[in-house]
Amino acid sequence: MKRFLLAASPLLVLALLLVVGQGCGGRDGAIAGASADIQKLMKDRNLNEENVVAALKTYTPTGVHDEYYIFASGGHSGQVIVIGVPSMRILKYIAVFTPEPWQGYGYGDQTTALLRSGDRDGRELNWADTHHPALSETDGTYDGQYLFINDKANARVAVISLEDFTAKQIVFSELLRSDHGAAFVTPNTEYVIESGQYPVPLGGEFVPIEQYQEKYRSAVLFWKFDREKGRIDTAKSFAIELPPYMQDLADSGKLASDGWMFINSLNTEMAFGGNLEGRPPLESGASQNDMDYLHVINWRKAEEVVNAGKFETVAGTRLIRLPTAIEEGLLHFVGEPKSPHGVDVTPDGREIVVSGKLDTHTTVYSFEKIKGLIEQQKYAGKDPFGIPILPFEEAIRGQAEIGLGPLHTQFDGNGYAYTSLFIESAAAKWSLADLKVVEKIPVHYNIGHILVAGGDTVKPDGRYLVAMNKWALDRFGGVGPLLPQNFQLIDIAGEKMQLLADLPIPLGEPHYAQMIKADKIKSVNAYTPIGIDPVTDQVDPYRVVSGEEGIERKADGVHVRMTAVRSHFTPDTIRVKKGDIVHLHLTNVEQAHDATHGFSIAEYNINSSLEPGEHVNITFKADRAGVFPFYCTEFCSALHLEMAGYLLVEP
Ligand code: CUK
Ligand code: CUA
C-alpha cells in the first residue's frame with residue numbers, strides 16, 4: 001500500500017504545536033522551528049496525518065501512567081499479560097501455571113507447592129492453555145481486586161490477587177478434562193464459572209468411545225469464591241451435569257438476567273471422530289445440524305437445589321445430575337445457528353448475543369422472552385436426554401447481518417455492539433436498537449476475541465477497543481515461521497473508529513482479555529509486615545528477623561535463617577556436609593519499593609525473587625560436594641555485585 005505523503009494541514013500542525021509547546025514550554029520562536037521539524041519528521045518517516053493523530057492519542061511520555069490496564073490471557077505461556085492503554089506498553093507477565101524464573105515462581109518451596117497443587121494424577125503440569133481471564137466484579141462492574149483465569153488444556157482455574165499481581169490458588173475438578181467456558185464470574189463474584197469443552201466419562205475412568213452418547217458427559221462447575229479469604233472454597237462449590245455436546249463459551253446474566261447463565265455449544269450431533277475407523281472426521285460430523293443449543297441455566301436455583309441435598313458427590317465434586325437438573329427446571333435449551341461461538345450478555349442483562357462461525361448472522365435473544373417461554377413451559381421439543389428446547393423464533397428479538405465469521409461481541413454502553421469477524425478480518429460496530437451495522441474496520445489479521453474497556457460489564461467505558469488478532473501476518477519484520485499475535489488498539493470514542501497502534505504478542509496465543517480503569521487497581525509496594533509468604537498472604541512461620549540469623553543442624557537437616565538487605569545476605573557463608581538436606585529460610589527485611597533481591601546458587605537450579613518484605617523457603621539436598629557461589633540476581637544497589645556468598649559443601 002502506498003501511503004499518501006503530504007504536508008500536514010494547518011489545523012493539525014497547530015494541534016501538534018500546542019502539544020509540543022506544552023511539552024517543552026516553548027516560546028514563539030521555538031514553535032515556528034517545531035512546525036518545520038514536525039513536517040520534516042513526517043516526511044522523513046513517511047507518516048500521514050492519520051498516523052500523527054494516532055501517535056498523539058497513544059504517545060505516553062516517560063513517567064506518565066496509562067489510563068487503563070488490559071489483563072490478557074497469555075495463551076500457551078500459562079501466564080497473564082498486563083498491558084497499559086493507550087500506550088500499549090507491556091507492564092508485566094503474571095506467572096500462573098508455568099514456572100517463571102524472574103519472579104522465582106515455581107522455584108521456592110511455597111510457589112512450587114502452589115504450582116504442583118495444579119498437577120493432575122501425579123503428573124507435573126508445567127504449562128497451560130490460558131483462554132479467558134475474568135476480573136472480579138461487584139454489582140456487575142470490575143472491582144479491581146482479583147483475577148481468575150482458566151487452563152483449557154487441563155481444565156483448571158487459577159486465582160490471582162491484584163494487590164500483588166501474583167497467583168494464589170489453582171483448582172480443578174476430576175469431572176473435567178478440558179474446559180472452555182471459563183473463567184466467568186457472576187455479578188458479585190459469588191461464583192467463578194468453568195464449563196467443560198470436550199466430553200469425557202465423568203470422573204476420569206476409561207469407557208470405549210463407542211459409548212460416547214451413553215457414558216460421556218460434560219459439566220459446568222460453580223466455584224464458590226470466598227472474597228474474605230481471597231480463595232475458592234472447593235467444599236462449597238458444585239457442578240451441573242451436561243449432555244455430551246461440546247460446551248463452548250459462557251457468560252453470566254446480569255441485572256435483568258441476574259441469577260442465570262448461558263453457554264453456547266457445538267457438536268449437538270455428538271460426533272466423536274474416527275476418520276480411520278469408518279466414521280466421519282469429528283469436524284464434519286460435528287457440523288451436520290443447522291442448530292446447536294444455547295444452554296440457559298438458572299444457577300441461583302441450582303444453588304438451592306444443592307443446598308437441599310439433591311446432588312451426588314462424583315469425583316469429589318457435588319454434582320447435580322442431569323435428570324435432577326431437568327426436573328428442577330435448571331436447564332433449558334434454545335436453538336442457535338450452526339457452529340456458534342461466543343455468547344455475550346448485553347450491559348442491561350436483557351439480551352444475549354450469539355454468533356455462528358458458519359453463519360453471517362449474529363442472533364439476539366431476549367431474556368424476557370426466554371423466561372416467559374420457560375414459565376409457560378412452551379417447548380419446541382426435547383433433546384435426546386429430555387432437556388426442553390424453547391422455540392427459537394419466539395426466543396429471539398432478531399438477527400443482525402454482520403459479515404463473515406462472526407465470533408465475539410462486546411458493548412460500549414452507548415447502544416452499540418462490536419463483533420469480531422474472523423473470516424473477514426474486521427471488527428463490526430452495530431446498533432443494538434435496529435440491529436444494523438454502522439461501521440466496519442479492517443484488522444490484521446484473523447481476529448478472535450475483541451475487547452472494549454469494561455465491555456462485558458453492566459457499565460462499559462467504551463473509549464477503546466482491542467482487536468485480538470491471531471496471526472500478525474505481514475505486520476512486523478520476519479521472525480521465522482511462527483507468527484506473533486497482534487493486538488490492535490482502536491479508538492471508538494469518535495464518530496469513526498480509528499486504528500491507533502499494534503502490539504505484537506510473542507508468547508503464546510492469547511484469547512480473551514479485559515480492560516479496566518487503572519485507578520481501580522490498588523497494588524501494594526511491599527509486603528507488610530516483613531516476612532509474608534505471598535502464596536498464603538500470611539507471615540511465614542519461618543520468617544527471619546534481623547539479628548536472628550543463624551545456621552542450625554536439626555533432625556530434618558540444616559536450617560539456614562537468612563536475611564537479605566542491600567547489599568548483603570546474612571549469613572554469607574553456609575557450611576554443610578554432602579548429603580545434608582538444607583532448608584533455606586530467606587527474608588527480605590526491606591520495605592522500600594525498589595528493594596527486590598534475587599537469590600541463586602550455582603548449579604543447584606536454585607533461584608528466587610524476594611520482593612521487599614517477602615519470605616521464601618527453599619529446600620534442597622546438598623548432593624554435590626564443592627564450593628558454590630550464591631548471589632543476588634537483581635541489580636539492587638551500587639554494591640549489588642558484592643551481594644554474594646558461598647555455599648561450602650564438604651565431602
Ligand atoms: S475462544 Cu479463542 S477466539 Cu477460547 Cu474465547 Cu474465541
Ligand atoms: Cu540484592 Cu542485588
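This is a predicted model: local features need pLDDT of at least 70, side-chain atom pairs count only at pLDDT 80 or more; totals for chains, interfaces and linings use all residues.

Colleague: What makes the residues of one strand fall on two sides?

Modeller: In a regular strand the side chains alternate between the two faces of the sheet. For β9, residues 191-196, the count is that six of its six residues are buried, and the strand is therefore called mostly covered, buried meaning under 20% relative accessible area.

Colleague: How do you know that β9 pairs with β8 and with β11?

Modeller: Two strands pair if at least two bridges are found between them. Strand β8 (residues 179-185) and β9 have four bridges in the antiparallel sense, while β9 and β11 (residues 216-226) have five, also antiparallel, and because the cut-off is at least two bridges, both count as pairs. Gly-181 stands opposite Ser-195 in β9, and Glu-194 stands opposite Leu-221 in β11. Between β8 and β9, which form a hairpin, there are five residues, and Thr-189 in the turn has a positive phi of about 55 degrees.

Colleague: Why are β25 and β28 said to stand at the edges?

Modeller: They belong to an open sheet of four strands in the order β25-β26-β27-β28, with antiparallel pairing. β25 (406-411) and β28 (437-442) each have a single partner strand, so one side of each is left without a neighbour in the sheet. The twist in this sheet averages 20 degrees from one strand to the next. Four bridges join β25 to β26 (residues 416-421), and Pro-406 stands opposite Leu-421 in β26.

Colleague: Why do you say that the buried residues of helix α3 line one face?

Modeller: In α3 (residues 49-58), Val-52, Ala-54 and Thr-58 are buried. Seen down the helix axis, the buried residues fall within an arc of 160 degrees, so they line one face of α3. At the start of α3, a side-chain oxygen of Asn-48 comes to within 3.0 Å of the backbone nitrogen of Glu-50.

Colleague: Which residues surround ligand 1?

Modeller: The shell consists of His-131, His-132, His-180, Leu-249, His-341, His-408, Gly-448, His-449, Lys-470 and His-511. Strands β4 (130-138) and β29 (447-453) are the elements that give two or more residues to this shell. By kind, the residues of the shell divide into one nonpolar, eight polar and one charged.

Colleague: Why is Lys-470 called buried?

Modeller: Its relative accessible area is 14%, and because buried means under 20%, Lys-470 is buried. Lys-470 lies in the loop between β30 (462-469) and β31 (485-491).

Colleague: What makes the link between Lys-470 and Glu-509 a polar contact?

Modeller: The two side chains make their contact at 2.4 Å, and because the cut-off for such a pair of N or O atoms is within 3.5 Å, the distance meets the definition.

Conventions: Residues are numbered from 1 along each chain as its sequence is written. Chains are lettered from A and ligands numbered from 1 in the order in which they are written. Side-chain values use heavy atoms; hydrogens and water are left out. A residue is near a molecule or strand if one of its heavy atoms lies within 4 Å of it. Ala, Val, Leu, Ile, Met, Phe, Trp, Tyr, Cys and Pro count as nonpolar, Asp, Glu, Lys and Arg as charged, and the others, Gly among them, as polar. Buried means under 20% relative accessible area, exposed over 50%, partly exposed in between (1.4 Å probe, protein chains only). The arc is that of the directions from the helix axis to the C-beta atoms. A polar contact is a pair of N or O atoms within 3.5 Å; within protein, one must be able to donate a hydrogen and the other to accept it, and residues adjacent in sequence count only if both atoms are side-chain atoms. Axes are lines fitted to C-alpha atoms, for helices over the stretch in contact, and angles run from 0 to 180 degrees between N-to-C directions.
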